[in-house]
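Thank you for making time this morning. I would like to walk through one structure with you, residue by residue in places, and I will begin with a question once it is on the screen.

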Amino acid sequence: MDVILKYFKNLTPEQVRRFTEMHELYTDWNSKINLISRKDIEELYVKHILHSLAIAKVLDFRPGTRVLDVGTGGGFPGIPLAVMFPEAQFTLVDSIGKKINVVKDIAEKLELSNVRALNVRAEDINGNFDFAVSRAVTEMPKFIKWVWNKIIPKGQNALPNGILYLKGGDLKEELKAVNKPYIIYDINEFFEEEVFDTKKIVYYQK
């Protein structure tokens, strides 16, 4: 928990409580189904929660912003972002039902009224959103196709509506097929932990 407080110093007591409770909730669920590797559960705060919150260093979601988290798995990045931005609305989707059951349980236990979790494939989601977020569920061009018609243009945030995609490694080859301007943010500019040295956020404007 200390690593979250290191980079986000103005959390409310309610946010601190929720981030603190995540450890027990995820550890308990991980003993029942393999959400996170056994090794990584010990580094839950850095590798999963803090990594998810890198998006909060790029953009403050304003109240009413509608965010779609595709391939959320156990709730990343959606659950940490929903704690960080309680007045934004988050829709977390995954094609694996047992993972969505976990997300629903954790959201309920954390009392996150701004989260809905759906067992659905990305292509079959209905609704309009301001942003789509994800953690490396597929290559960027394919992800854009999945979500593009669900994102409305413009919006009310400091960045125009679009995609915020957490990805690692060398993205040059992958992004050659992306035919519109994008911005790459290096996460190691926000967080000093070594694990983030090759991690990035790709922002793609609608």
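Which residues does His51 touch, not counting residues up to four places away in sequence? Before I answer, please keep in mind that this is a predicted model, in which local features need pLDDT of at least 70 and side-chain atom pairs count only at pLDDT 80 or more, while totals for chains, interfaces and linings use all residues. Residues are numbered from 1 along each chain as its sequence is written, and side-chain values use heavy atoms, with hydrogens and water left out.

With that said, His51 touches Val46, Arg135, Leu166, Ile187, Phe196 and Lys199, where contact means heavy atoms within 4.5 Å. His51 itself lies in helix H4, residues 44-58; helices here are DSSP runs of H or I with at least four residues, strands are runs of E with at least two, and both are numbered from the N terminus. His51 counts as buried, at 8% relative accessibility, and the cut-offs are under 20% relative accessible area for buried, over 50% for exposed and partly exposed in between, with a 1.4 Å probe and protein chains only.

Phe196, one of the residues that His51 touches, also belongs to an aromatic cluster together with Tyr7, Phe8, Phe190 and Phe191. The search of the whole structure finds 11 aromatic pairs, a pair being two rings of Phe, Tyr or Trp (its six-membered ring) whose centres lie within 6.5 Å, with planes under 30 degrees apart counted as stacked, over 60 as edge-to-face and the rest as tilted.

Let me turn to the strands. Tyr203 is found in strand E7, residues 199-205, and is buried at 3% relative accessibility. Leaving out residues up to four places away in sequence, Tyr203 touches Phe131, Leu159, Pro160, Asn161, Ile163, Leu164, Tyr182, Ile183 and Tyr185. Phe131 is also among the residues touched by Arg66, along with Gln89, Asn128, Phe129, Asp130 and Ile152, by that count beyond four places in sequence.

Now for the backbone. Most residues other than glycine have a negative phi, and most peptide bonds are trans. Against that background, a cis peptide bond joins Phe76 and Pro77, with omega about 5°, and Pro77 is found in the loop between strand E1 (66-70) and helix H5 (78-84). Ala136 has a positive phi, near 50°, and sits in the loop between strand E4 (131-135) and helix H7 (140-147), where it is partly exposed with a relative accessible area of 44%. Lys154 has a positive phi near 65°; its place is the loop between H7 and strand E5 (162-168), and at 67% relative accessibility it counts as exposed.

The C-alpha atoms of Thr138 and Lys167, 29 residues apart along the chain, are separated by 9.5 Å.

I will finish with the largest pocket, which holds about 360 Å³ of space. A pocket, on a 1 Å grid over the protein atoms alone, is an open set of points where a 1.4 Å probe fits, with protein on both sides within 12 Å along at least five of seven lines, and lining residues have an atom within 4 Å of a point. The volume is the space filled by probe spheres set on the points, which are joined across faces, edges and corners. The lining has 21 residues, and Gly71, Thr72, Gly73, Asp94 and Val137 lie nearest the centre.
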